[in-house]
Amino acid sequence: MYYYLYDSELSDKKYNTVIAKIETRLTDLGINGKINRLSFLKNINQILTEEIKSGVKTVIVVGDDKTIGQVINLVADFNITLGLIPLGPNNNIARLLGVPLGEDACDVISSRIIKKIDLGKINNHYFLTDLIISGKNITLECDNNYFINLSEGNNIIDIGNLNYCYGSPTDPLDGQLDIFIENAQKKFLRKTKSTLSHFKNAVLKITGDKTVPILITDEKRIVKTPAEVTIVPKKLKIIVGKGRYF
Amino acid sequence: MFKEAPLTNETDTIIGPSVKVEGDFVTEGNVIVEGMICGTIKTAKNLKVGPKSKIFANVSAENALIAGEIQGNIKVNDKLELTSTGKIFGDIKVGTLIVAAGSTLNGKCQMGTIKEKSIKPDFSKQEKIELKILTEEAIAEKKPVKKK
């Protein structure tokens, strides 16, 4: 049984024609189901929990990265398959999963290539793509074995589960987080030099001498240090396309 | 062995010049070190140490290319290449060693595989046996002479 969850932004008139096309295509493919349109007044948590209890097995999110980020935290602890029809401004996750925009995504949903992928977890909050930390004097404790000290210059740390950064795709099936550390050092009358470091770990503890904000890219949400980041292997069943990065 | 390529799955870990690692660094993949490490490094694959890097650690790897400074003991199963800028202050155990002119190596060096060590012939025992035989023969020969 398919359950479609529409993002609140899709109530805008400019999406009417695309949504109509999507609904027609879904009916043609025989995979139409119950539709719920989110709004500011509806609590996504309550709606989804009720539907899952009533026997929904496949949840299709019609929206962008932010909507998926919200749904992942609700779906992860249940045996639910997640699908995506990307519509809206930010569709990085759809690109990584190989799901085309709009109407074409219906064919991907219909073909049902399901992969069990890892999910990142920061302080009991799940994330699919990556975390971004920026600042000085940050310490990362990796796998309870060694410390990475970042004291010089300005550091941008990207902790990725499913992403494509610095010309390298991160694999969401390997049970490890990819940590990219870009260090930029500005010198007077010279070009800024940037260097890159790369690690692979399953458990991370992030601390800093001051409180450092950590951005969860999926939801554009901020968590503060100290934080513990782990990877939960094969946690999410998701429908992917043939053009996926992994 | 150490082709310069963008980040791929072949290179699992890159420790950049701005990074300082402290503790036991154990990995299964290839490692490139450009920064500083204190503790131990163990890798089941290749290790590349850049010219500006400093390592204060015991190192264990399958193959190693060293262009920086290492203070600690090194164990490399296959090939260790020390470039002209490389400096090692510690003992090394290695299968094959390549040393470039201008490099520094201060410490004991043990080369070759364990199999090669086991082929050592035991001359001392053979000599002792021969000596015993000789002495017994000599005694046997000498005794009748004395009787005469």
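A:Ile216 counts as buried because 20 C-beta neighbours fall inside 10 Å. The cut-off for a buried residue is 20 or more other C-beta atoms. This is a predicted model, and the count is computed from its atoms. A:Ile216 sits in strand S16 of chain A, which runs over residues 213-216. Leaving aside residues up to four places away in sequence, A:Ile216 touches A:Ile122, A:Phe127, A:Leu131, A:Arg221 and A:Val223. A:Leu101 stands elsewhere: its C-alpha atom is 23 Å from that of A:Ile216, and the two are 115 residues apart along the chain.

Now take chain A as a whole. Chain A holds five helices and 18 strands. Buried residues account for 38% of its 246 residues. Its radius of gyration is 19 Å; a compact globule of 246 residues would have one near 18 Å, so the value agrees. Along the principal axes, the C-alpha atoms fill a box of roughly 60 × 40 × 35 Å. Consider the contacts in chain A between residues at least 6 apart in sequence: 70% of them join residues at least 24 apart.

Helix H1 of chain A covers residues 16-29. Its 14 residues reach 20 Å from first C-alpha to last, close to the 20 Å expected at 1.5 Å a residue. Which residues of H1(A) are buried? They are A:Ile22, A:Arg25 and A:Leu26. They lie on the same side of H1(A) because they cover an arc of only 100 degrees around the axis. An α-helix has 3.6 residues a turn, so residues three or four places apart point the same way. Strand S4 (81-86) and helix H5 (105-111) of chain A are among the elements that cover the buried residues of H1(A). The face turned away from the buried side carries exposed residues: A:Asn16, A:Thr17, A:Ala20, A:Thr27 and A:Asp28. Just after H1(A), A:Gly30 takes a positive phi of about 75 degrees.

Other backbone details of chain A deserve a look. A:Asn144 is not a glycine, yet it has a positive phi of about 55 degrees. A:Asn144 lies in the loop between strand S8 (138-142) and strand S9 (146-150) of chain A. Is A:Asn144 buried or exposed? A:Asn144 is exposed, because 11 other C-beta atoms lie within 10 Å. A:Lys234 is not a glycine either, and has a positive phi of about 45 degrees. A:Lys234 is found in strand S18 of chain A. With 13 other C-beta atoms within 10 Å, A:Lys234 is partly exposed. The loop between strand S17 (221-224) and strand S18 (227-240) of chain A contains A:Pro226. The peptide bond from A:Thr225 to A:Pro226 is cis, with omega near 0 degrees.

Chain B comes next. Its mean pLDDT is 82, and 68% of its residues reach 70 or more. Over residues 1-9 of chain B the pLDDT is below 50; this stretch has eleven contacts in the model beyond near neighbours in sequence. For the complex, the predictor gives an ipTM of 0.84 and a pTM of 0.84.

Where the chains meet, 19 residues of chain B are in contact with 19 residues of chain A. On the side of chain B that touches chain A, the elements giving two or more residues are strand S1 (11-15) and strand S2 (20-27) of chain B. S2(B) gives the largest share, seven residues. By class, this side of chain B has nine nonpolar, six polar and four charged residues.

Key
Residues numbered from 1 in each chain as written. Chains lettered and ligands numbered in written order. Predicted model: local features only at pLDDT ≥ 70, side-chain atom pairs only at ≥ 80, totals over all residues. pLDDT = per-residue confidence, 0-100. Contact = placed C-beta atoms within 7 Å. Helix = DSSP H or I, 4+ residues; strand = E, 2+ residues; numbered from the N terminus. Expected span 1.5 Å × (residues − 1). Buried ≥ 20, exposed ≤ 12 C-beta atoms within 10 Å, placed from the backbone. Arc of directions from axis to C-beta. Rg over C-alpha atoms; globule rule 2.2 N^0.38 Å. Nonpolar A, V, L, I, M, F, W, Y, C, P; charged D, E, K, R; others polar.
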